[in-house]
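Subject: Structure handover

Hello,

Here is the structure I said I would pass on to you. Please open it next to this email and look up each part as you read.

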Amino acid sequence: MAKLTINGAPYEASAGMTILDVCQREGIHIPTLCNHPDLKTQGICRVCVVDVKGSKTLQSACGTPVSDGMEILTTTDRIRKARKTIVELLLANHYTDCTVCPKNLNCELQSLANEFGLTDLRWKERRERTLPQDDTSPVFVRDNNKCVLCQRCVRACDELQGVYAVANLYKGDSTIVGSAFNRPISEVVCINCGQCVAHCPTGALYEKYCIEDVWKAIDDPDKIVVIQTAPAIRAALGEAFDYPPGTRVTGKMVSALRTMGFDNVFDTQFAADLTIMEEGFELLGRLKDALADGGKPSLPMMTSCSPGWIKFQEHFFPEYLPNLSTCKSPQQMFGAVVKSFWARKMNLDPADIVCVSVMPCTAKKFEAARPEMGTDGDQDVDFVLTTRELAVMIKQAGIDLRDMADSAFDDPLGESTGAATIFAATGGVMEAALRTAYEVVTGREVPFKDLDITPVRGLDGVKQAGIALTGVKKEWSFLEGVELKVMVAHGTANAKAVMTALRDGKLDVHFIEIMTCPGGCLGGGGQPLPVSPEKRLARARAIYEEDSESVHRKSHRNPSIARIYDEFFGSPNSHLAHELLHTRYTVRGQY
Amino acid sequence: MLRETLLRTLDDLVGRYGKARENLLPVLQDLQAEFGFLGEETINEVARAFGLSQTEVFSVASFYHFLNTQEKGKYVIRICRTISCDLRDKANVLRALESELGIKMGETTRDKKYSLDYANCMGTCDRGPSMMVNDRLYADLSPSKAVDIIRSYR
């Protein structure tokens with residue numbers, strides 16, 4: 001325990017804490033830029049400098065550990081001048097076009113300029129657009145003219161995702177962030193997760209918008225425009241309208257979408273319930289094959305909802321592609337259902353339907369464009385908006401989300417369960433699958449209080465759980481006494497650790513859930529900025545609240561799901577279900 | 001460079017140094033000593049051998065002035081770029097070399113014999129301006145002395 005003073009007041013801190021840690025704990029504001037709570041300390045921007053008695057120069061608060069007897073000043077004339085100069089120097093190297101920048105009012109560099117009351121650029125030579133923009137990614141644009149080399153994207157890609165698609169290239173004043181051989185991002189391994197975009201404090205990284213395409217579709221009188229919203233949107237969209245993180249805005253969002261002119265407002269959660277039916281029975285089928293029929297199915301089975309993870313697997317562990325569930329993600333199942341079952345029911349030509357989705361995710365844009373995700377060149381999902389894009393559209397429409405009354409999704413593809421809501425959180429797909437699979441096999445509800453399977457909840461990087469199957473129904477007798485072992489990981493760096501352990505023969509599990517982004521979809525690369533662990537926790541809390549308040553909390557109890565099997569698919573994993581709801585993967589490799 | 005030669009050399013180096021991330025630099029140095037530069041194929045194969053991304057390996061290789069990511073001439077002339085050599089008339093030494101070789105800083109002669117590059121401080125500030133030709137250091141340069149030195153490399 002260290003005793004120290006900050007601005008003359010005494011504090012105590014444990015060893016290993018930095019000055020910034022202590023200041024943040026005590027509510028003493030220190031400006032930061034390169035520092036991010038999700039990432040390791042880099043200490044490169046120097047915006048957080050403080051005065052440590054006895055040090056000749058100012059020290060970075062983020063990179064200086066506290067020690068006993070330390071005397072720290074956080075606001076003196078010297079510090080203010082130094083911080084202001086640092087911000088001015090950062091701006092001297094930043095192409096400034098704030099009013100037409102995609103990160104306008106969402107930019108940490110802009111906020112710093114505001115915080116220091118800058119009214120002029122000290123270095124008059126304006127930074128021009130001298131570097132090429134890289135727009136070769138299917139989901140985002142890199143504009144290095146705005147990059148201040150904080151390396152948050154580099155660290156997010158390496159530390160959180162284990163991909164390392166971008167790094168600092170060259171040195172000194174030639175340094176830029178880019179990919180191998182300074183080639184476009186499209187020529188290296190990138191999983192499109194958008195965590196670089198979500199962690200960028202400037203306009204150097206932003207997603208590719210499809211806002212204008214969607215307005216055009218809405219304005220086209222010959223098109224029926226349906227929209228589906230992913231579970232994670234309702235717990236985060238409010239942040240863009242000044243609600244505190246973790247505020248549920250489901251009903252207001254539905255009203256806003258209807259006001260904007262979408263013909264039908266549906267819920268991706270319907271398709272999440274459908275996914276549980278398909279994926280749950282797929283798992284049971286593989287277990288039957290292994291335990292009763294003496295086959296050699298690919299086990300453990302792995303979830304396939306998260307398109308960043310799919311591409312990660314295609315690149316890094318292609319030998320395990322047969323272990324992936326063949327189920328399409330809920331977004332894609334929804335698109336396929338809209339353009340088949342629903343089109344037929346409504347007597348519409350699928351070609352006249354425009355299917356738009358709102359996703360917390362940039363990788364969903366790539367997923368929707370995969371050639372296998374459509375029929376005869378007509379994609380099942382036509383446009384994918386991120387949560388941030390939807391917020392922009394709502395504002396463009398002159399709507400304040402706060403003024404909206406609550407309303408409900410349209411039937412029948414708007415009906416869903418709490419099991420589908422929790423898809424938004426890491427462990428949620430696993431929990432939803434277990435609620436259904438356990439009941440299918442035993443005829444009883446999962447043995448957890450209020451159906452809350454807490455061992456798979458929470459933000460630990462890798463979670464493990466087991467659930468004993470006893471008293472099973474006759475047709476599942478081969479599962480009697482089997483402990484169903486499951487594992488959950490989020491952030492593909494954690495997925496990499498799980499996959500490496502599996503490859504090394506160190507894992508004994510039946511079913512693995514992987515979500516690409518930290519926290520699962522609620523921490524997706526398309527969610528409102530900025531991101532932080534506290535926000536993810538707040539969103540997760542909202543998601544689990546919505547689940548606990550739902551009328552139905554098990555996917556197989558969704559009445560519309562029962563109907564769609566009755567009227568259309570027959571049974572889970574039927575021939576038609578396979579045709580429309582399942583997919584295949586591509587070996588991509590790494591080098 | 002033959003692919004088999006590259007793979008064999010890389011195999012030897014990985015055997016000698018190991019393939020933990022911290023062994024990347026010595027392996028890159030030795031590959032450069034062997035092949036003169038670290039081209040795309042070399043960087044790809046090193047990345048594969050170490051299980052790293054090409055971007056990470058390229059990032060390391062492009063950071064160090066003494067590692068070349070592009071093919072260089074047989075003799076790489078590196079001139080100190082720091083201020084103490086500037087103060088001792090480095091500019092004229094550089095001008096003389098550029099004129100003698102007919103290339104600009106950063107370029108390689110058409111016959112692939114000489115490349116002209118900067119290096120950061122060589123630690124001989126008291127005897128600047130200085131330059132290196134491959135691994136050999138030359139200090140106390142004047143324009144004519146520098147030209148005589150590179151003429152001795154044929």
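Predicted model: local features only at pLDDT ≥ 70, side-chain atom pairs only at ≥ 80, totals over all residues.

A sheet in chain A

Chain A has an open sheet of four strands, and their order is β13-β20-β19-β18, with mixed pairing. At the edges are β13 (301-302) and β18 (462-468) of chain A, each of which pairs on one side only.

Strands of a sheet pair through backbone hydrogen bonds, and the pairing can be parallel or antiparallel. This sheet can be followed pair by pair:

- β13(A) and β20 (residues 511-515) of chain A run parallel and are joined by two bridges. Here M302(A) stands opposite I512(A).
- β20(A) and β19(A) also run parallel, with five bridges joining them. M487(A) has I512(A) as its bridge partner in β20(A), and V486(A) stands opposite F511(A).
- β19(A) and β18(A) are antiparallel and pair over seven bridges. In this pair, A465(A) stands opposite V486(A) in β19(A).

Two residues come up in two pairs. I512(A) stands opposite M302(A) and is the bridge partner of M487(A). V486(A) stands opposite F511(A) and is also opposite A465(A).

Helix α15 (residues 492-503) of chain A lies across β18, β19 (483-490) and β20 of chain A, and runs at about 140° to β19(A). Together, β19(A), α15(A) and β20(A) make a right-handed β-α-β unit.

Why is β20(A) described as largely enclosed by the rest of the structure? Five of its five residues are buried, so β20(A) is largely enclosed. In a regular strand the side chains alternate between the two faces of the sheet. Both faces of β20(A) are covered: I512(A) and I514(A) are buried on one side, and F511(A), E513(A) and M515(A) are buried on the other.

Contact between the chains

How many residues does each chain bring to the contact? Chain A brings 14 residues and chain B brings 13 residues. On the chain B side, the elements that give two or more residues are α3 (40-50) and α4 (54-63) of chain B. α4(B) gives the most, with seven residues. By type, the chain B side divides into four nonpolar, six polar and three charged residues.

Regards

Note on methods:
Residues numbered from 1 in each chain as written. Chains lettered and ligands numbered in written order. Contact = placed C-beta atoms within 7 Å. Nonpolar A, V, L, I, M, F, W, Y, C, P; charged D, E, K, R; others polar. Pairing = 2+ DSSP bridges. Axes fitted to C-alpha atoms, helices over the stretch in contact; angles between N-to-C directions. Right-handed = clockwise from strand over helix to strand, strands pointing away. Buried ≥ 20, exposed ≤ 12 C-beta atoms within 10 Å, placed from the backbone.
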